[in-house]
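User: I am new to this structure and would like to learn how to read its features one by one. Could you take me through them, giving the general idea before each case?

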Amino acid sequence: MRRCTMPKQFVAVILTLLSTTLHATPWETVAADRFKLLWKELTYTQLQVDPRQEAPANNDILSPGYSKQIIIEYALSVSAERFRDLTQEQLEDTYDAAQLAPYRDDIARFNSWYRGVEKGDRYQLRWQTDVGLQLQHNDTVLGTLQDPEAAKLILSVWLGPAAVSESQRDRFLDAWQQELAAR
């Protein structure tokens with residue numbers, strides 16, 4: 001019988017990587033879209049879901065019990081301040097002060113995580129009930145919010161009533177609905 005001569009730390013790292021890979025969410029792209037202004041591409045955006053999960057109640061993609069992620073790749077530079085302002089403006093234009101009040105701190109915390117982007121950079125917003133709402137810039141997690149209602153409000157900037165692009169939101173939701181119906 002041969003004895004394993006690998007250092008214990010190496011074996012631990014390999015086992016951790018295997019465990020992470022085996023338990024990783026098998027995200028499936030259900031919609032993708034290029035957002036252009038005139039002839040210039042601004043973003044390439046994907047909506048992904050975990051195909052193993054049941055459809056949410058009332059087919060509400062913002063349901064806190066439904067895992068989803070949005071991946072946005074940028075074809076131009078955008079400042080962190082512009083992201084903050086746009087998110088805040090969309091929320092304030094859509095919801096009244098009383099609806100936003102309980103979540104002001106979480107929204108401010110989320111907005112503080114934004115970083116400026118350059119061409120080719122990517123943002124990823126991921127909601128999972130056991131993790132929370134994560135904002136990731138390229139390969140770096142910037143922060144996680146635990147409150148499902150705050151997450152729902154923030155995600156509405158892409159997938160709900162506060163959507164920056166209603167036409168993109170509608171195309172994504174239609175494609176997602178078609179995917180659900182096909183299962």
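User: Which element gives the most to the lining of the largest pocket?

Analyst: The element is α2, which gives four residues to the lining of the largest pocket. Helices (H or I, at least four residues) and strands (E, at least two) are DSSP runs, numbered from the N terminus. Please keep in mind that this is a predicted model, in which local features need pLDDT of at least 70 and side-chain atom pairs count only at pLDDT 80 or more, while totals for chains, interfaces and linings use all residues. Residues are numbered from 1 along each chain as its sequence is written, and side-chain values use heavy atoms, with hydrogens and water left out.

User: What volume does the largest pocket have, and which residues are closest to its centre?

Analyst: A pocket is an open set of points on a 1 Å grid over the protein atoms alone, with protein on both sides within 12 Å along at least five of seven lines, whereas a cavity is a set where a 1.4 Å probe fits but cannot get out; lining residues have an atom within 4 Å of a point. In this structure the volume of the largest pocket, which is the space filled by probe spheres set on the points, comes to about 570 Å³. The pocket is lined by 24 residues, and those closest to its centre are Thr-43, Tyr-74, Leu-86, Trp-158 and Val-164.

User: Which elements supply at least two residues of that lining, and how does the lining of the largest pocket divide by class?

Analyst: At least two residues of the lining come from each of the strands β2 (40–49), β3 (68–74) and β4 (122–128), and likewise from each of the helices α2 (80–94), α5 (148–159) and α6 (166–182). For the classes, Ala, Val, Leu, Ile, Met, Phe, Trp, Tyr, Cys and Pro count as nonpolar, Asp, Glu, Lys and Arg as charged, and the others, Gly among them, as polar. On that scheme the largest pocket is lined by 17 nonpolar, five polar and two charged residues.

User: How many cavities of 30 Å³ or more does the structure hold, and which residues line the largest cavity?

Analyst: There is one cavity of 30 Å³ or more, and the volume of the largest cavity is about 40 Å³. Around the largest cavity stand Leu-62, Ser-63, Pro-64, Lys-68 and Trp-127, together with Pro-148, Ala-151, Lys-152 and Leu-155. Helix α5 gives the most to this lining, with four residues, and by class the lining holds six nonpolar residues, one polar residue and two charged residues.

User: How many salt bridges does the count come to, and which residue pairs with Arg-122?

Analyst: Side chains of opposite charge can pair when their charged atoms come close. The rule asks for a side-chain nitrogen of Lys or Arg within 4 Å of a carboxyl oxygen of Asp or Glu, and by this rule there are nine salt bridges. In one of them Arg-122 pairs with Asp-139, where the closest N and O atoms are 3.0 Å apart. This pair links distant parts of the chain, since Arg-122 belongs to strand β4 while Asp-139 sits in the loop between β5 (132–137) and β6 (140–145), 17 residues apart.

User: Where does Tyr-95 lie, and is Tyr-95 buried or exposed?

Analyst: Tyr-95 is in the loop between α2 and α3 (97–100), and Tyr-95 counts as buried because its relative accessible area is 13%. The C-alpha atom of Tyr-95 is 9.0 Å from that of Leu-153, although the two residues are 58 residues apart along the chain.

Terms used:
Buried means under 20% relative accessible area, exposed over 50%, partly exposed in between (1.4 Å probe, protein chains only).
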